[in-house]
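Here are my notes for your first reading of this model. Keep the viewer open and check each point as you go.

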Number of protein chains: 2
Amino acid sequence: MKRLLPVWFGAYRREWLAGDLSAGLIAAVMLVPQSLGYAMLAGLPPEVGLYASILPVIAYAWLGSSMTLAVGPVAVASLMTASALHPLAVAGSAHYVMLAGQLALLSGLMLLAFGVLRLGFLAHFLSHPVVSGFLSGSSLLIAVGQFKHVLGVKVEGHGMLETTLGLVRALPDTNRTTLLVGGSTLAFLWVARRWFPGWFRRAGLSPDRADLAARFAPMLAVIVWTSLTALLELDRTSGLAVVGQFPSGLPTFPGWDALLPSRSVLADLALPALLLALVGFVESVSMAQSLAQRRQQRILPDRELLGLGAANLASAVSGSYPIIGGLSRSVINYAAGAQSPLASVVSALLMVLILLFFSSLFHPLPHAVLAAAIIVAVSSLIDVQAFRRAWAYDRADGMSLIASFVGVLVFGVEAGIVIGVSLSLAVIVWRSSHPHIAVVGRVLGTEHFRNINRYRVDTLPGVLAIRVDESLFFANAMEVESRIEALLAADDSVKRVVISCAGVNQVDTTALHMLTTLETDLARRGIRLDLAEVKGPVMDRLRDTEFGIRVADRVYLSLHDAMAADFKPPVR
Amino acid sequence: MKRLLPVWFGAYRREWLAGDLSAGLIAAVMLVPQSLGYAMLAGLPPEVGLYASILPVIAYAWLGSSMTLAVGPVAVASLMTASALHPLAVAGSAHYVMLAGQLALLSGLMLLAFGVLRLGFLAHFLSHPVVSGFLSGSSLLIAVGQFKHVLGVKVEGHGMLETTLGLVRALPDTNRTTLLVGGSTLAFLWVARRWFPGWFRRAGLSPDRADLAARFAPMLAVIVWTSLTALLELDRTSGLAVVGQFPSGLPTFPGWDALLPSRSVLADLALPALLLALVGFVESVSMAQSLAQRRQQRILPDRELLGLGAANLASAVSGSYPIIGGLSRSVINYAAGAQSPLASVVSALLMVLILLFFSSLFHPLPHAVLAAAIIVAVSSLIDVQAFRRAWAYDRADGMSLIASFVGVLVFGVEAGIVIGVSLSLAVIVWRSSHPHIAVVGRVLGTEHFRNINRYRVDTLPGVLAIRVDESLFFANAMEVESRIEALLAADDSVKRVVISCAGVNQVDTTALHMLTTLETDLARRGIRLDLAEVKGPVMDRLRDTEFGIRVADRVYLSLHDAMAADFKPPVR
């Protein structure tokens, strides 16, 4: 019985209730326009966005481990959904909605499988730079794509170039009323994001409260422009696009026939579903972790997989689309004082009330206002700073970031992430294939050996002591051998080579073969090959090989041990 | 002027001449049937095999660096050619011959480009187990494919399964004369390979000479059965397949139109040409190196690329097909006393004489004899021992070997090698993502720290000293963090964590982020994070980061330095 209850249930304290209730209320009100906007971005009817904010939210509250993460429709997941579905169906059609549910189902099943099989580590193959480049690229793509709603023009096409060219070509058709609504909202929201938190703080609010208050700005724009549109009937008189009629009432189960994908659809949706699962997991966990750290709580990644998986299944069975943890919804939730997932449950229940009784209030909401809100929201995700930092610290990481950024813009979201991951894996292999090798000597007055170019060290004549800073394997075995030969060619007095294996974490068959022939070859030339600081797991394997047997009495605990007999005792 | 001469030209000694002349003569005679057989295996007319033994051999002698490597038609290259071309043209047709020349041209250009751009390291991505599995698989495929010639039946199809099933189905159609010829040759050659070297050695020959004499066995079989076939007209009376008429005279330039591939052919041949170049390079260099070591000579890999590239271009312009360094031709060359590439030049010139005046001698040579010789030759390349060794030493290497072996048999030569390489790269990343982490203590009486589970060590209460045996990067950053957290959870007295970075050869952006949050998090819990044995190149990067600045005064030269103050002085 107890195992069926959420992890936070037993620990619930009465004093949390006030915070959870008010946070739930605030979140519900603020999330309605956001949910409508993201559904529009995903190419789905507006009500689908609201459906995604009910059952999935409750499912996550039940199984997830974060006290404050809020799941629901999110910009990136909406873009990935649109990108996966647009080759398969017409946006907004019943077939499209059905496919969106199937995508959520697949993604949810994958997340659950990863959770049960403890495959969460798969997400670690998405490096920070790749995820950062991917998010920046996606955000830019989303922002550019939304400008058509701000101008009130029609633009076909999905890539960055197509959309931009389409926008430029459509400029003469701009609808003035739409531009007034969209442009003013954009300007207002930009000012609000930039300066409101500072103003509110100076007015005496705490930083969290000031941030929360500033986040009411989109709601204000929604209220003002929706009222004006309704009063002046701008949609009929000036051609201003609005959300329009959508069914009120609760989501219904779409039926098994609609939920289960056919084999050909399965093939088309498998990769997008996998990427949604991985990106969703990485994003949700890192967000949950940064929120948890502020309150000294802990996140259980395996529970997160189950929570997100269940949430996506819940989304699928309530006729909605893939969801993940959202940054702005989580921050609103946190800043509004949510203490536990009960806040999310409250907001989900309020969403039911809104769907049942107040949905008509949102019919005159202009698309341009939603688009402006999306543009301002995603533009804060374009992270130039992350690129600068990655580039300064590590060129290869900078390049992975750029590759996934450009990949998303040029080839689309899926290709972008695949390109980024492939490049970052290639870098690993490339780097390991060009190992750093240092000639080392004994640091004066110690038993420790360091690079002769960096430290004041003692060396022994006729002895070449080197440290190989990489595991030995097929891609670098030849390189290591020829670097050693080059060092020997440069000094023909060498009668003994000592290799420090402190950085050698593995030795594969190819490298073992290299070592065997190197040892034989050196022995024939009268040069002895010794090893030092071989790690336990490496030595376990080497011990029974031809090479291991041959050098058995020449493997030293440390370089110091290998050479102590020949050095004069250190003068301290 | 001097740069245009071969590297061995200046060093040539008069006393080498006798060895080179006799080796050239022996090689020429022995290589005629081999060249005819491999052309047949590649699906090409017999004379093409002889063409491949003239100009390419001279081109390699001019640019290569090995004193004894012999290039020419080789079993594996012939199989790879057949496998690349059979989807594109009918074996033996003029179009097929043209495509074979284009394949040699592409492969040659790639080899030259690798040589000029110093990209020879690309070949290092073919690990020993992958190459070994590939060669064993190819050899088995070749051997099985040749049995149809021994039985005198027609079998269509290229995969292992198809060929085997075809053979079984065709058994009733076996031609008795062909089976007599092929079967007896097979038995004779098998006995020759197995016992002749031993017999000859016991008869007083040196090991090299005994080996060489045993290698005359195929020639003997060729002479006996060709004479009998001619005398008894077995080809006409019993349906025995023979080499038959082929044009005598020298190869001619096929013309630029025939040499330059169209765009669509280019797309089809690019991957096969690349794999031919890489496999050819790896095989040739490793063979050349093992021969050079016996005579204390050196191989220059970049020269080998140029030599092999030029040889393939020469093959293309003389209407022939891709060639690489061959094991049996090189061993014959070496054992027959070749001292320099002049031996190859001699054999090439003799090949010209044979083509001009003696080619008709080979017309009655039965296919069954060639097939039996190929089967015995390649069956020695099926290396079960290599699999046993790889498997015993390293499961992952054993699996890479099996993967490329099975890949070749099931999906073909190209897919096999691609599967093997992908798997071996995946293993690298997989391993690095599950690093070995050891808790270490000070080995009694020394300044050195080792695994507490393997050595008798001292530890300090409240201090957790660990060694991470892997570079820190995106795929293992989270894992390392959670392993450290698990160690801390198991011992709540810990107030200080010291990480030994002796095995950490790189720290990427993702891992840096992990270290930064780990340090902050530990600091808040009152636990100090120190580093020791950070390598120069790693420290250079860390120094200017937020993390590097924060821990700057807690980076120690060694674990000993980090903990010396707290330990009582060692009792020696």
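Why is strand β6 (residues 463-468) of chain B largely enclosed by the rest of the structure? Five of its six residues are buried, so the rest of the structure largely encloses it. A residue is buried if 20 or more other C-beta atoms lie within 10 Å of its own, exposed if 12 or fewer, and partly exposed in between; the C-beta atoms are placed from the backbone. Helices (H or I, at least four residues) and strands (E, at least two) are DSSP runs, numbered from the N terminus.

1. **What you are looking at.** This is a predicted model: local features need pLDDT of at least 70, side-chain atom pairs count only at pLDDT 80 or more, and totals for chains, interfaces and linings use all residues. Residues are numbered from 1 along each chain as its sequence is written, while chains are lettered from A and ligands numbered from 1 in the order in which they are written.

2. **The neighbours of β6(B).** Strands pair if DSSP finds at least two bridges between them. Strand β3 (residues 437-443) of chain B runs antiparallel to β6(B), with three bridges between them. Here B:Ala438 stands opposite B:Arg467. Strand β7 (residues 496-500) of chain B runs parallel to β6(B), and five bridges join them. In this pair B:Val463 faces B:Arg496. From β6(B) the chain passes through helix α21 (residues 477-490) of chain B to β7(B), in a right-handed β-α-β crossover. Right-handed means that, with the strands pointing away from the viewer, the path from the first strand over the helix to the second runs clockwise.

3. **Chain A overall.** Chain A has 25 helices and nine strands. Its C-alpha atoms fill a box of roughly 95 × 60 × 60 Å along the principal axes. Of its 572 residues, 53% count as buried.

4. **Helix α1 of chain A.** This helix (residues 17-41) has 25 residues. From first C-alpha to last it reaches 35 Å, close to the 36 Å expected at 1.5 Å a residue. The expected span is 1.5 Å times one less than the number of residues. A kink of about 40° lies at A:Leu31, shortly before the proline A:Pro33. The bend is the angle between axes fitted to the seven residues ending there and the seven starting there. In α1(A), 18 of the 25 residues are buried. A:Gly43 follows the helix, with a positive phi near 80°.

5. **The interface.** 47 residues of chain B are in contact with 47 residues of chain A. Contact means C-beta atoms, placed from the backbone, within 7 Å. Helix α20 (413-432) of chain B gives the most to this side of chain B, with six residues.

6. **Two residues to check.** B:Glu233 has a positive phi of about 50°, although it is not a glycine. With 12 C-beta neighbours inside 10 Å, B:Glu233 counts as exposed. B:Glu533 also has a positive phi, near 55°. With 26 such neighbours inside 10 Å, B:Glu533 counts as buried.

How values were computed: Contact = placed C-beta atoms within 7 Å.
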